[in-house]
Each structure stands twice: as structure tokens, then as C-alpha cells.
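Look at the sequence and the model together. Then read the short report below.

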Amino acid sequence: MSNRRIEALLERRAELLNELAKKAWLLRGTWAERYSTCMRPNCKCHQGEKHGPRYYLSIARQGKKREVYIRRRHEDLVRKGIAQYQTVDDILLQITEINLELLKEGAYDDDKLS
Ligand SMILES: [Zn+2]
């Protein structure tokens, strides 16, 4: 067990947790675009020129999916939120690797850190 190595890992983990705190605008979902036909029988949408796209954020949870309608003017914001979530996901993976590394280094063996 190397204290210096453990300290470096803890420092890196603290940095990553700080990064996480900056991602408040995250949106955990995927971007979806839908086209549709309307009720008017003579509308061009029935000849293949469908209405749309309409934007949705698709959110999956415990095997269920829900789609939330997104106003056109919010497109950039929502795309930014989705990108932030990707960053968060990546940070979580990095923290996982650090925690596994800490286990290997014996950092938790004497219950000092847990
Ligand atoms: Zn139509």
C-alpha cells in the first residue's frame, strides 16, 4: 500500500466530484424527432410530406420509456443537457476506476476511508 498513490487518487476523485457539481443542466435522455400526419384528409402530410420534425427527449427508466415534447426554441438547451449527461457518465466511469484502484491499493482495508 502506497500512501502517496492513495493521496493522488483521492485528489483526482475530489476533482472529478467537483466537475460533477458543474453539470447541473444534465438531461439523461436521448434526442428524438418525430413526423406525423394530421386529421385533415386533404393535407399534404397524407401524400408523404409529413408534419415535423417535432422534438422529444426520450427518457428510459426501469424498462419504461417516456417522451417529453421539446419546444423548438429549447433545442440547443436540451442538446446541451444531453451532452452534459454524457460527460457526467464519463466522470462516473472515471470515479469507478479510481475507487477500484483504491480498493487494490488497500485504502479501505482498515476502514479509514469507508
Ligand atoms: Zn397534415
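The report goes from the whole chain to the sheet, then to the helices and the loops.

**The model and the chain**

This is a predicted model, in which local features need pLDDT of at least 70, side-chain atom pairs count only at pLDDT 80 or more, and totals for chains, interfaces and linings use all residues. Residues are numbered from 1 along each chain as its sequence is written.

The chain holds 2 helices and 3 strands. Both kinds of element are DSSP runs, numbered from the N terminus: a helix is a run of H or I with at least four residues, and a strand is a run of E with at least two. In sequence order the pattern is α-β-β-β-α.

How does the radius of gyration of the chain compare with that of a compact globule of 114 residues? The chain has 23 Å, while the globule would be near 13 Å. The radius is taken over C-alpha atoms, and the globule rule is 2.2 Å times the number of residues to the power 0.38. Along the principal axes, the C-alpha atoms fill a box of roughly 75 × 25 × 20 Å.

Buried residues make up 4% of the 114 residues. A residue is buried if 20 or more other C-beta atoms lie within 10 Å of its own, exposed if 12 or fewer, and partly exposed in between, with C-beta atoms placed from the backbone.

Contacts can also be sorted by separation in sequence. Among those between residues at least 6 apart, 54% join residues at least 24 apart. Two residues are in contact if their C-beta atoms, placed from the backbone, lie within 7 Å.

**The sheet**

The 3 strands form an open sheet in the order S1-S2-S3, with antiparallel pairing. Strands S1 (30-36) and S3 (64-70) are at the edges, and each has a single partner strand, so one side of each lacks a neighbour in the sheet. From one strand to the next, the twist averages 40 degrees.

Two strands count as paired if DSSP finds at least two bridges between them. S1 and S2 run antiparallel and are joined by 6 bridges. S2 (residues 51-61) and S3 are also antiparallel, over 7 bridges. Which residues stand opposite each other? The table lists some of these pairs.

| Residue | Residue opposite, with its strand |
|---|---|
| Thr30 | Ser58 in S2 |
| Tyr55 | Ile70 in S3 |
| Leu57 | Val68 in S3 |
| Arg61 | Lys64 in S3 |

In a regular strand, side chains alternate between the two faces of the sheet.

Strand S2 also contains Pro53. A cis peptide bond joins Gly52 and Pro53, with omega about 5 degrees.

S2 and S3 form a hairpin with 2 residues between them. Gln62 lies in this loop between S2 and S3. Its phi is near 50 degrees, a positive value in a residue other than glycine. Gln62 is exposed, because it has 4 other C-beta atoms within 10 Å.

**The helices**

Two packed helices are described by the angle between their axes and the distance between the axes. Here, helix H1 (residues 3-21) and helix H2 (residues 75-104) pack at about 160 degrees, with their axes 10 Å apart. That makes H1 roughly antiparallel to H2. Axes are lines fitted to C-alpha atoms, for helices over the stretch in contact, and angles run from 0 to 180 degrees between N-to-C directions. Angles under 35 degrees count as roughly parallel, over 145 as roughly antiparallel, 65 to 115 as roughly perpendicular and the rest as oblique.

Which residues of H1 and H2 make the contact? H1 brings Ile6, Leu9, Arg12, Arg13, Leu16, Glu19 and Leu20. H2 brings Val88, Ile91, Gln94, Ile95, Ile98, Glu101 and Leu102.

**Two loop residues**

Lys22 lies in the loop between H1 and S1. Is Lys22 buried or exposed? Lys22 counts as exposed, because it has 10 C-beta neighbours inside 10 Å. Lys22 and Gln84 are 62 residues apart along the chain, yet their C-alpha atoms are separated by 9.4 Å.

Glu49 belongs to the loop between S1 and S2. Glu49 has 11 C-beta neighbours inside 10 Å, so this residue counts as exposed. The C-alpha atoms of Glu49 and Ser36 are separated by 9.1 Å, and these residues are 13 apart along the chain.
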